[in-house]
Amino acid sequence: MARISQHNNFVFLTLALITLLLLAAVGHSFAMGSSIHVSQGLVLLTLIIAFFTLDFGRRWRRFVSIMFLAIVLVSIGSFFSDSGWLTLIYRSLSLLFFLVTLIVSSPAVLFSGTRTRNAIMGTLALYLLLGIVWAHLYALTLFFVPGAFKGLEPQPGVDPLPQLLYFSYVTLATLGYGDISPVAPIVKTLSYLQAITGTFYLAIIVASLIGGRLRH
């Protein structure tokens, strides 16, 4: 088995993110109550892989370590308690972790000037991270505004994250199927900001790939 290094770390991270998205849909079909724990377990596994594959540097390493430990403790606590506030703390910490991962990964992918397999996989990892970050933002909004989405009603014991991931990537790709649509003003704002970000990101990646090809 290949060792994780700076030459293949984004390959492992991308595979972990894809696995999270695929298994999240399967976990959504579990019985009420179980889907939340399955989702938390998948997110924790992804965070572990991100923690060991990326070079956070000295400035971020201690902060990320404390944050990761807090996520583990909150996840354990939510396993024994159905407190909504534990869920809120868990969502907030997960969002922060994925956001830091996105910030740390971006320079190595967008400004490296190389077009290796690892760098190309890194562009996909950043795109997937954008969708996951926005899905957690939607989840936090849904916690405070239960009627924020049309076509998505919160149900006790059922994790809304898989459906929010679906909505997030549909919005990021500017597809807009309409089965789930934003109602609350804050969600509408987040949605069009995500659509703008997705379009702008793809333009940057295409320009970067063409520039790298011309330099080569």
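The following legends describe close-up views of a predicted model.

In this predicted model, local features require pLDDT of at least 70 and side-chain atom pairs pLDDT 80 or more, while totals for chains, interfaces and linings use all residues. Residues are numbered from 1 along each chain as its sequence is written, and side-chain values use heavy atoms, with hydrogens and water left out.

**View 1. Helix H3, residues 57-80.** Helices (H or I, at least four residues) and strands (E, at least two) are DSSP runs numbered from the N terminus. Val64, Met67, Phe68, Ile71, Val74, Ser75 and Ser78 are the buried residues of H3 (buried: under 20% relative accessible area; exposed: over 50%; partly exposed: in between; 1.4 Å probe, protein chains only).

**View 2. Helix H5, residues 117-144.** Because 21 of the 28 residues are buried, H5 is largely enclosed by the rest of the structure.

**View 3. Leu129 in helix H5.** Leu129 has a relative accessible area of 1% and is buried. Beyond neighbours within four places in sequence, Leu129 is in contact with Leu17, Phe98, Thr101 and Leu102 (contact: heavy atoms within 4.5 Å). Its C-alpha atom is 9.2 Å from that of Thr14, 115 residues away along the chain.

**View 4. Thr174 in the loop between helix H6 (161-172) and strand S2 (181-182).** Phi of Thr174 is near 55°, a positive value in a residue other than glycine. Most residues other than glycine have a negative phi. Thr174 is partly exposed, at 47% relative accessibility.

Notes:
The expected span of a helix is 1.5 Å times one less than its number of residues.
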